[in-house]
Amino acid sequence: MTIIVCIKQVPARESHLRPAGGWVEEADLSYEINEPDAFALEEGLRLKEQHGGETVVLSAGPARVVQTIREALAKGADRAIHLEHENPRAFSPLETARFMADAIAGEKPDLVLTGLQSDDLGYGHTGVILAELLGLPHATIVMQVEVRDGALRVKRELEGGWFQHVEMPLPALLTIQSGIGALRYATLMGIKKARTKEIRRVPLEAGPGDAGFQVERVSLPARSKATRLFDGSPQEAAAQLVEKLKFEARVL
Amino acid sequence: MSILAVLEQRAGAWNRVSFETLAAAQQLGEELGREVSAAVAGAGLENLASELGGHRLGRGYAVDHPLLENYTADGYTLALGQLIERIKPFLVLFPHTYQARDFAPKLATRSGRVLLSDAIGHRVENGGLVMVRQFFQGKINADLRFAGEPPYFASLQAGAYRADRLAPGSCPVETFRPELEAAQIRTRPLEVFREAETTVDLGSAERIVSVGRGIREADNLPMVQKLAEALGAELAASRPICDNGWLPMERQVGSSGQTVSPKLYLAVGISGAIQHLVGMKGSKTIVAINKDPEAPIFEVADYGIVGDLFQVVPALVEELEKRK
Ligand SMILES: Cc1cc2nc3c(=O)[nH]c(=O)nc-3n(C[C@H](O)[C@H](O)[C@H](O)COP(=O)(O)OP(=O)(O)OC[C@H]3O[C@@H](n4cnc5c(N)ncnc54)[C@H](O)[C@@H]3O)c2cc1C
């Protein structure tokens, strides 16, 4: 099987976010792989081990995403495609997906995996847009994948602890939910091997900008609730909190 | 050009969050001076169609076809795409449910548009529509404006609009029969199920101590367990803790776990992503312990301690034991 895994580099989870210049101050940020994409990669590597073939990672973004690509190669991906542009925000989500779809179609994959959403923008739509552009059947928020006789049977997560199995033919696209399997670490050997693996660089030209929406202004969320905060040493804060829980909230 | 609310049903029962979307559509319709319509897709929709007729709308559409009996992205996209093609709405609204996540981006793409997903509100400024949504898991707010020509597509976060604002009334309901063929539907959905019976019922717990990724590793859990014992509370967790297998999934609180409303919910090292908040924001008293004063959990917390949980939690245990 040829499996494409789309991975996105996003600001690290504990980044300090400050609105600036119509977005957030980027000088403050460090980056890491989007968490659900790490699980999509894990599933892509597992399926390759089971069924043979190749796992190819695809990432769109500026030069810095090469770091995330290398980490994926070190974990066992065979090669990579880097859709490169210094300003990813110059593209609408649909434009980015079009470029991704073009690159993916050229690989004639059996399976395309993405994370179910990104932790930065959180639109949760790139996988589904790709499926539509590529003409593939899809399932979202997937927690288990089985390939049987050239077809797929997946377990979709639904709300409130419910699940559903869905079957579909290959080729197909799946968006993967965090927790689908335990994440592997890169081995020293893997890190060494990654240095020689191919990263095909595809420079992107910013398009005309197509119908979508524009981010007009960003801000820190205004707090509407007055939270009673307790300061002082941990002991002092703890004592005040217990006092309030007992005599004000009366929940102890 | 109207505002079209796409409502959700399963096996003939409404998904209640649909009424929030309907109320939002009514509100937007009023503010923008546009007609409001609503659609529901399925098979054999007579009952739901007549209920749809009991709302203050320009028109209701029952998108009815035997191939829509069970939800599929292919079926819904084709059927609703045909309705959109016919009525040419200005704005199409969905509740931001798992189902909408699965097909709404596809439907928007088919119209050459992008879904503005998970909006939490809107404003009308000089006759123009500004949508509000959050980035970075609730840590940044943003105003967005649709670009290009309508139709526009947006989905609304659960809880962002109030279903009790829904205006009653009446409207004609039209049965819309899309053209569908079995071969166009490529996925086969099977039965919906739950995992093995749960053994803890967090729903009836009076107090809950819930732990998140701030705990760093499984070996640190006993510290929080101690706090739960000192408070006479059940132990629960955010999703990453259960994903890692540190606690069983039945202890997960949130949109894909349990919904709880105890007297006391104490969140330790939990950031407060919306998928977690929806599962616990109905709690009577909420306490957050987090080192980040800007963590979204403080938005719902009554009491809070900004600090290192590795110092605060033992201090709390000590204080509780002292008072016994
Ligand atoms: C479809 C879908 C369904 C989901 N369902 C659920 C669900 O049911 N339940 C759920 O919980 N999540 C769910 N999620 C995941 C959710 O989006 C968040 O990723 C998750 O809730 C984050 O968990 P967390 O707060 O524990 O971790 P993080 O977001 O990583 O937060 C950790 C927090 O700990 C704090 N911290 C770190 N160290 C310390 C310290 N030493 N002292 C004090 N504080 C510290 C940090 O400041 C941070 O705020 C779902 C996501 C999706 C997309």
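**Entry 1: the loop with Pro171(A)**

I looked up Pro171(A) and found it in the loop between E11 and E12 of chain A. Helices (H or I, at least four residues) and strands (E, at least two) are DSSP runs, numbered from the N terminus. The peptide bond from Leu170(A) to Pro171(A) is cis, with omega near -5 degrees.

The model is a predicted one, in which local features need pLDDT of at least 70, side-chain atom pairs count only at pLDDT 80 or more, and totals for chains, interfaces and linings use all residues. Residues are numbered from 1 along each chain as its sequence is written, chains are lettered from A and ligands numbered from 1 in the order in which they are written, and side-chain values use heavy atoms, with hydrogens and water left out.

**Entry 2: backbone notes in chain B**

I found a cis peptide bond between Pro150(B) and Pro151(B), with omega about 10 degrees. Pro151(B) sits in the loop between strand E10 (140–146) and strand E11 (152–156) of chain B. I then checked Asn126(B), whose phi is near 50 degrees, a positive value in a residue other than glycine. Asn126(B) is in the loop between strand E8 (121–125) and strand E9 (128–135) of chain B. I noted the general rule: most residues other than glycine have a negative phi, and most peptide bonds are trans.

**Entry 3: the sheet**

I traced an open sheet of ten strands with mixed pairing, in the order E13(A)-E7(A)-E6(A)-E1(A)-E8(A)-E12(A)-E9(A)-E10(A)-E11(A)-E13(B). Two strands pair if DSSP finds at least two bridges between them. Strand E13 (199–203) of chain A and strand E13 (188–194) of chain B stand at the edges with a single partner strand each, so one side of each has no neighbour in the sheet. The twist averages 25 degrees from one strand to the next; axes are lines fitted to C-alpha atoms, for helices over the stretch in contact, and angles run from 0 to 180 degrees between N-to-C directions.

I followed the sheet into chain B: strand E11 (residues 162–169) of chain A pairs with E13(B) in the antiparallel sense over five bridges. Val166(A) stands opposite Pro189(B), and Gln164(A) stands opposite Val192(B).

Helix H4 (residues 98–110) of chain B packs on the sheet and touches E9 and strand E10 (151–157) of chain A, where contact means heavy atoms within 4.5 Å.

**Entry 4: chain A against chain B**

I counted 86 residues of chain A in contact with 81 residues of chain B. The area buried between the two chains is about 7,700 Å², of which carbon and sulfur atoms give 55%. Buried area is the accessible area (1.4 Å probe) that two parts lose on being put together, summed over both.

How many salt bridges cross the interface of chain A and chain B? The rule finds 13, each a side-chain nitrogen of Lys or Arg within 4 Å of a carboxyl oxygen of Asp or Glu. Arg323(B) and Glu243(A) form a salt bridge through their side chains (2.7 Å, N to O). Helix H6 (residues 234–247) of chain A gives the most to the side of chain A that touches chain B, with twelve residues.

**Entry 5: a salt bridge within chain A**

I searched the whole structure and got 43 salt bridges over all chains. The side chains of Glu35(A) and Arg13(A) meet in a salt bridge (3.6 Å, N to O). Glu35(A) lies in helix H1 of chain A and Arg13(A) in the loop between strand E2 (9–11) and strand E3 (19–20) of chain A, so the pair ties together parts 22 residues apart in sequence.
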